[in-house]
Amino acid sequence: MVRRTKEDAAATREQLLDTAETLFLHQGVGRTSLHEIASAAGLTRGAIYWHFKDKADLYCAMMDRATLPCEQAAQAIIGQRASSDPAAALRELAQMPLQRLRNDARTRRVFCIAMHRTEHNEELAPLRQRQLDGVARYTQRLRQLMADIHPTAPPATLDAAALGLYALVDGLLKHATQMDHPDPVLTAGERALEIYVAGLTGYLVCSG
C-alpha cells in the first residue's frame with residue numbers, strides 16, 4: 001500500500017508539472033496562477049502545496065526536468081574529433097544546441113518558457129544563475145576548441161570569437177522558439193553556423 005501511495009504521489013507531481021508547463025507556455029509564468037494549474041490538472045490547490053511550497057518552487061522543478069540546449073552541449077562528449085579535427089568539433093559543438101531544440105520537444109517548450117514567458121525575479125535568481133553557468137561552460141568549450149585550432153591566437157581574439165559564436169547560437173535558438181514551425185529556422189541556422197565557423201576557422205588560422 002505504501003508503494004502504491006508513493007507511485008500515486010509521483011504521478012500527481014508529474015501531472016502538475018506537465019500542466020504547469022503547458023499553461024506557462026501559452027499564458028506566461030506571471031499570468032498563470034496556482035489555482036489555474038490545479039484546476040486544469042483536475043486537482044485541488046492542496047495537491048500543489050503537498051508537492052511544492054509556491055509557484056517558484058514548482059517552476060524550478062519544471063525546469064529541472066529539462067536540460068537547456070547550451071547546458072546539454074556543454075556536457076556533451078565530442079570524442080577523438082576534438083583532438084584530431086578541432087575545426088569539425090567546433091562546428092559540431094556549435095550546432096548541438098539547435099539539434100537539441102529540434103529533437104527534444106520538452107527542451108523546446110521549456111527553453112521557450114525560460115526565454116520568452118518568464119519574468120525573472122529574486123525568487124528565480126538561482127535558476128537564472130544555473131542558466132548563466134551553463135552558458136559560461138558552453139562558451140568556454142567553444143573557446144578551447146578555437147585555441148586548439150590556433151594555439152598562438154591572442155587571448156582577446158579567442159574571447160571575442162567565442163562570444164560571437166555563442167551570440168549567433170543564442171540568437172538562432174531564441175528566434176526559432178518564437179516561430180510556430182521552428183524547423184525551417186533551425187535548418188537555416190545550422191547552415192549559417194557552418195558558414196560562420198568556416199570563416200571563423202580561416203580567420204583563426206590566419207591571425208596572429
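The model is predicted, so local features need pLDDT of at least 70 and side-chain atom pairs count only at pLDDT 80 or more, while totals for chains, interfaces and linings use all residues. Residues are numbered from 1 along each chain as its sequence is written, and side-chain values use heavy atoms, with hydrogens and water left out.

**Stop 1: the core**

Start by selecting Y59, Y138 and M146, the residues with the most contacts inside the largest nonpolar core, which has 61 residues. Such a core is a set of buried Ala, Val, Leu, Ile, Met, Phe, Trp, Tyr and Cys residues joined through side-chain atoms within 4.5 Å. Buried means under 20% relative accessible area, exposed over 50%, and partly exposed in between (1.4 Å probe, protein chains only). Next, colour helix α10 (residues 155-176), which supplies the largest share of this core, 9 residues. Helices here are DSSP runs (H or I, at least four residues), numbered from the N terminus.

Now centre on M146. Setting aside residues up to four places away in sequence, M146 touches L90, L158, A161, A162, L165, L200 and L204. Contact means heavy atoms within 4.5 Å.

**Stop 2: helix α1**

Move to T19, in helix α1 (residues 2-27). T19 counts as buried because its relative accessibility is 12%. Beyond its neighbours within four places in sequence, T19 is in contact with I37, A40 and A41.

**Stop 3: salt bridges**

The whole structure holds 14 salt bridges, each defined by a side-chain nitrogen of Lys or Arg within 4 Å of a carboxyl oxygen of Asp or Glu.

R106 is partly exposed at 25% relative accessibility, and D18 is partly exposed at 36%.

Then pick E21 and R65, whose side chains meet in a salt bridge (3.3 Å, N to O). R65 sits in the loop between α4 (55-64) and α5 (69-75) and E21 in helix α1, so the pair links parts 44 residues apart in sequence. Both R65 and E21 are buried.

Where is the partner of E194? Select R191: the closest N and O atoms of this salt bridge are 2.9 Å apart. Both residues lie in helix α11 (residues 183-206), 3 residues apart, about one turn of the helix.

Key:
Helices (H or I, at least four residues) and strands (E, at least two) are DSSP runs, numbered from the N terminus.
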